[in-house]
Amino acid sequence: MNIFRLAGDMTHLASVLVLLLKIHTIKSCAGISLKTQELYAIVFAARYLDIFTNFVSMYNTIMKLIFLGSSFSIVWYMRSHKIVRRSYDKEQDTFRQWFLVLPCVVLALLINEKFTFREVMWTFSLYLEAVAILPQLVLLQRTRNIDNLTGQYVFLLGAYRALYIFNWIYRYFTETHYIHWIPWISGIVQTLLYADFFYYYFESWKNNKNLQLPA
């Protein structure tokens, strides 16, 4: 494992911890899209079907368990916790997430590296993860004012995939025949979706102002 992969994993883990901190400590999910969290739960469920059948390393298994457990626990908090669910803005979080899921299913069936169930599900998870942030970004545009923890969560989530791109570049030049177009293209699309957010995030940080996205 190279430094970019490790940094990407730790940044991804940090994003989850920041969101759990907001939900568990403040007992609020204001500004967080349930639609995006449900999409991430689907992403990890589809990607880690082999969690008990394909052992890679203890590190790999622990990370899988963390992302699976955290994604479903966040969905539970937002849907069922008697205090947290009151802060969920259902009126603003109206993105139709199934318009993302169904095209990703079709695309995974048509474009994959190997037409097996596990491979198609893994490919589907990559396509869906690339666009899963869209409901969250739309919600932030609608609510305009973004609290610090929500801003940090989204920033870390975008930074993790950007670091993975550096990981792929490093592996391309250091490993023989390392070419995987599907994760590469999906990762680039995913990172580009954050470009507008990154710009306003750094502007707010530079000018010491509250983070706001244009409507």
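The model is predicted, so local features need pLDDT of at least 70 and side-chain atom pairs count only at pLDDT 80 or more, while totals for chains, interfaces and linings use all residues. Residues are numbered from 1 along each chain as its sequence is written, and side-chain values use heavy atoms, with hydrogens and water left out.

**Largest pocket**

- The largest pocket holds about 1000 Å³ of space; on a 1 Å grid over the protein atoms alone, a pocket is an open set of points with protein on both sides within 12 Å along at least five of seven lines, and its lining residues have an atom within 4 Å of a point.
- A volume is the space filled by probe spheres set on the points, which are joined across faces, edges and corners.
- Its lining has 32 residues, of which Arg-5, Arg-47, Tyr-48, Asn-60 and Trp-122 are the closest to the centre of the pocket.
- Two or more lining residues come from each of α1 (3-26), α2 (34-47), α3 (58-80), α5 (117-131) and α7 (148-174), and α7 gives the largest share, six residues; helices here are DSSP runs (H or I, at least four residues) numbered from the N terminus.
- By class, this lining divides into 16 nonpolar, six polar and ten charged residues, where Ala, Val, Leu, Ile, Met, Phe, Trp, Tyr, Cys and Pro count as nonpolar, Asp, Glu, Lys and Arg as charged, and the others, Gly among them, as polar.

**Second largest pocket**

- The second largest pocket has a volume of about 190 Å³, and its lining residues include Ile-146, Tyr-201, Trp-205 and Leu-211.
- At least two residues of this lining are supplied by each of α7 and α9 (195-207).

**Cavity**

- The whole structure contains one cavity of 30 Å³ or more, a cavity being a set of grid points where a 1.4 Å probe fits but cannot get out.
- The lining of the largest cavity comprises eight nonpolar, five polar and no charged residues.

**Helix α4**

- In α4, Leu-100, Val-101, Cys-104 and Ala-108 are buried, that is, under 20% relative accessible area with a 1.4 Å probe and protein chains only, whereas exposed means over 50%.
- Seen down the axis of α4, these buried residues fall within an arc of 95 degrees, so they line one face of the helix; the arc is that of the directions from the helix axis to the C-beta atoms.
- Phe-99, Leu-102 and Leu-110 are exposed on the other side of α4.
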